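Hi,

Here is the model I promised to pass on.

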Amino acid sequence: MIGKIIKGIAGFYYVQVAEAGIYECKAKGAFRKEKIKPLVGDDVEIDVISQEEKTGNVVKLLPRKSELIRPAVANVDQALLIFATKSPEPNLNLLDRFLCMMEENQLPITICFNKEDLADEGFEAEMRKTYEPAGYKLIFTSAKENEGMELIKEVLKGKTTTVAGPSGVGKSSIVNRLTEGQNMETGEVSEKIGRGKHTTRHSELLYIGEDTYIMDTPGFSSLFVPKVEPVDLYTLFPEFIEPAGNCRFTGCAHYKEPDCGVKEALEEGKIAQSRYENYIQIYMEMVDQQNNRYR
Ligand SMILES: Nc1nc2c(ncn2[C@@H]2O[C@H](COP(=O)(O)OP(=O)(O)OP(=O)(O)O)[C@@H](O)[C@H]2O)c(=O)[nH]1
Ligand SMILES: [Mg+2]
Ligand SMILES: [Zn+2]
């Protein structure tokens, strides 16, 4: 039988088979030897062990349309990147790194700022000014007050979407609003550390409506660095690409070079200051890492 992994916990994979329901499966020995770890979202072939107890073995992994390492999910069509307007304070450097990672994986992205009920005046306008030039769709929501859920539903319709974002921003709270009933655990934001208590520990695929699925994922916030070469980093910042065509030097790092189209766009306000600064910071890290490699 063919099914989809909707959850993986402690060596067990929960496989949804269309009409038949959910089977608790282990990955079979031979299959494990290939060292490919099944991911939530994977389409798999299973052998049923017991029809009564709904148990089986995962025996084959079907080809993946897409895969992400963090969060570890397969076959998603797009990402919903969720940050909070406050509590935890949005870290735009981290946000830009998430965006780079999604761009690298060629996943369409929508940015959602949740906890709109806590937002400072002017926050929305500032974020629109920062991220709309890159072509990202922005949604402002409050899971608490059930605001903006229709906007999210529009984006999700007919697709499989993974949520991503730091802990405590309200990913599970939003997923709960969208799924009504199949409740995900949510956790208080710790007063002391200002982030969630990592309540979501396993990714889970949930059904929302016809052909429409969402994956709730655990929050994470380590500062990952893209895999591209430093000279290509700007290609992960969509609004840098056109201006970079005006740079005098090929291989321009858009840093100290004269006659740089990206810096001109920055001065003209077509690129946001924070986007440029985060680009430079990530660029420097990548160069440092490369130097360390050859040392
Ligand atoms: N004020 C306010 N609080 C919210 C909102 N959405 C969620 N919260 C609260 O924020 C806290 C964290 O929410 P979760 O949904 O658990 O956050 P998460 O992103 O799933 O966190 P992890 O699972 O740790 O990654 C909970 O106390 C929620 O009640 C909102 O729109 N406004
Ligand atoms: Mg959660
Ligand atoms: Zn340049």
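Below are my notes, from the whole chain down to single residues.

Housekeeping first: this is a predicted model, so local features need pLDDT of at least 70 and side-chain atom pairs count only at pLDDT 80 or more, while totals for chains, interfaces and linings use all residues. Residues are numbered from 1 along each chain as its sequence is written, and chains are lettered from A and ligands numbered from 1 in the order in which they are written.

**Overall**

The protein chain has eight helices and 13 strands; these are DSSP runs numbered from the N terminus, helices being H or I with at least four residues and strands E with at least two. Its C-alpha trace spans about 70 × 50 × 35 Å along the principal axes. Of the 295 residues, 37% count as buried. For that label, 20 or more other C-beta atoms must lie within 10 Å of the residue's own; 12 or fewer means exposed, in between is partly exposed, and C-beta atoms are placed from the backbone.

Contacts here mean C-beta atoms, placed from the backbone, within 7 Å. Among those between residues at least 6 apart in sequence, 63% join residues at least 24 apart.

**Domains**

The assignment gives domain 1 (2–61), domain 2 (67–216) and domain 3 (230–294), with bounds that come from an automatic or database domain assignment. The C-alpha centres of domain 2 and domain 3 lie 27 Å apart, and twelve residues of domain 2 are in contact with twelve residues of domain 3. On the domain 2 side, α2 and α3 (123–131) are the elements that give two or more residues, and α2 has the largest share, with seven residues. That side divides into four nonpolar, three polar and five charged residues (Ala, Val, Leu, Ile, Met, Phe, Trp, Tyr, Cys and Pro are nonpolar; Asp, Glu, Lys and Arg charged; the others, Gly among them, polar).

**Helix pairs**

Helix α2 (residues 92–104) packs on helix α8 (residues 273–294) at about 70 degrees, with the axes 10 Å apart. Axes are lines fitted to C-alpha atoms, for helices over the stretch in contact, and angles run from 0 to 180 degrees between N-to-C directions.

In the other pair, the axes of α4 (residues 149–156) and α5 (residues 171–179) come within 11 Å and cross at roughly 80 degrees. Here Met149, Ile152 and Lys153 of α4 meet Ile174, Arg177 and Leu178 of α5.

**Backbone details**

Which peptide bonds are cis? Arg70 to Pro71 is one, with omega near -10 degrees, and Ser87 to Pro88 is another, with omega about 0 degrees. Pro71 sits in the loop between β6 (67–68) and β7 (73–74).

Two non-glycine residues with positive phi also deserve a mention. Lys54 has phi near 55 degrees and counts as partly exposed because it has 17 C-beta neighbours inside 10 Å. Asp259 has phi of about 50 degrees and is exposed, with 11 other C-beta atoms within 10 Å.

Cheers

Technical notes:
Contact = placed C-beta atoms within 7 Å.
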